[in-house]
Amino acid sequence: ADILNILNKKTKDLQLTVFGNFSLIHGKYTSGQSSVKGNDVELIPPINLKTGVNFRWKKLRASYQFTYVQAHFTDATNAEQVSDATRGIIPTYAVQDLALSYDWKRFSFQSGINNLLDQKYFTRRAVGYPGPGIIPADGRSFYLTIGVTL
């Protein structure tokens, strides 16, 4: 949503937009093997939220994104934890990202921080390489890019 446009205050040099994607899903096995019937369907987080804001003023741009994913199972048996960590729960996690960019003459500068608060989380489990076990997500990372238009 373009907030300034909604408020009838849109200007050529200024823009403020918000965005979001929200999923609320409840998947259950209703038939099949008795060992999984009635269990939650694997790899479906009950709540999945991605939201953020983009800001632009002349040639300066900034964006912030927040991601929240609720705990969910990785297999149809709904095992909470097994000794080799190949199956189990993927715990709830929340991650924030921040990005800035600026255009100046023929140059473009971009920078950002992914996983702003350096959250420790994982989104996948492996049964083989590089596992078995969890595959941790990346920690906090920074980037800086300079582009030149010739």
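1. **Ground rules.** Residues are counted from 1 along each chain as its sequence is written, and side-chain values rest on heavy atoms, with hydrogens and water left out. Because the model is predicted, local features need pLDDT of at least 70 and side-chain atom pairs count only at pLDDT 80 or more, while totals for chains, interfaces and linings use all residues. Helices (H or I, at least four residues) and strands (E, at least two) are DSSP runs, numbered from the N terminus.

2. Look for Asn39 in the loop between strand S1 (14–24) and strand S2 (47–57). Asn39 has 16% relative accessibility, so it counts as buried. On this scale, buried means under 20% relative accessible area, exposed over 50%, and partly exposed in between, using a 1.4 Å probe and protein chains only. Leaving aside residues up to four places away in sequence, Asn39 touches Gly27, Lys28, Tyr29, Ala76, Thr77 and Asn78; a contact here is heavy atoms within 4.5 Å. The Asn39 side chain also reaches the backbone oxygen of Ser35 at 3.3 Å. For such a polar contact, a pair of N or O atoms must lie within 3.5 Å; within protein, one must be able to donate a hydrogen and the other to accept it, and residues adjacent in sequence count only if both atoms are side-chain atoms.

3. **Salt bridges.** How many salt bridges does a search of the whole structure find? There are four, each defined as a side-chain nitrogen of Lys or Arg within 4 Å of a carboxyl oxygen of Asp or Glu. One of them joins the side chains of Asp40 and Lys28 (2.7 Å, N to O). Both Asp40 and Lys28 sit in the loop between S1 and S2, twelve residues apart. Asp40 is partly exposed at 24%, as is Lys28 at 39%. Another brings together Arg61 and Asp103 (3.2 Å, N to O), linking strand S3 (residues 60–69) to strand S6 across 42 residues of sequence. Arg61 is partly exposed at 30%, and Asp103 is partly exposed at 24%.

4. **Asp118.** This residue lies in the loop between S7 and S8 and has a positive phi of about 55° although it is not a glycine. The side chain of Asp118 meets that of Lys120 in a salt bridge (3.0 Å, N to O). Asp118 is partly exposed at 26%, whereas Lys120 is exposed at 67%.

5. **Aromatic pairs.** The structure holds three aromatic pairs. Rings of Phe, Tyr and Trp (its six-membered ring) pair if their centres lie within 6.5 Å; planes under 30 degrees apart count as stacked, over 60 as edge-to-face and the rest as tilted. Tyr93 and Tyr121 are stacked, 4.6 Å centre to centre with 20° between the planes. Tyr93 belongs to strand S6 (residues 93–104) and Tyr121 to the loop between strand S7 (107–114) and strand S8 (122–126), 28 residues apart. Tyr93 is buried, at 14% relative accessibility. Phe107 and Phe109 have ring centres 6.3 Å apart and planes at 25°, so this pair is stacked too. Ring pairs link Trp104, Phe107 and Phe109 into a cluster.

6. **A nonpolar surface patch.** Which residues make the nonpolar surface patch of about 1,000 Å²? They are Phe55, Trp57, Leu60, Tyr102, Trp104, Phe107, Leu144, Ile146, Val148 and Leu150. Patches are made of residues with over 30% relative accessible area and no salt bridge; like charges are joined within 9 Å, nonpolar side chains (Val, Leu, Ile, Met, Phe, Trp, Tyr) within 5 Å. Areas come from the Shrake-Rupley method with a 1.4 Å probe, and for residues only the protein chains shown count as cover. S2, S6 and strand S10 (141–148) each give two or more residues, and S10 gives the most, with three. Trp57, placed in strand S2, is partly exposed at 44%.
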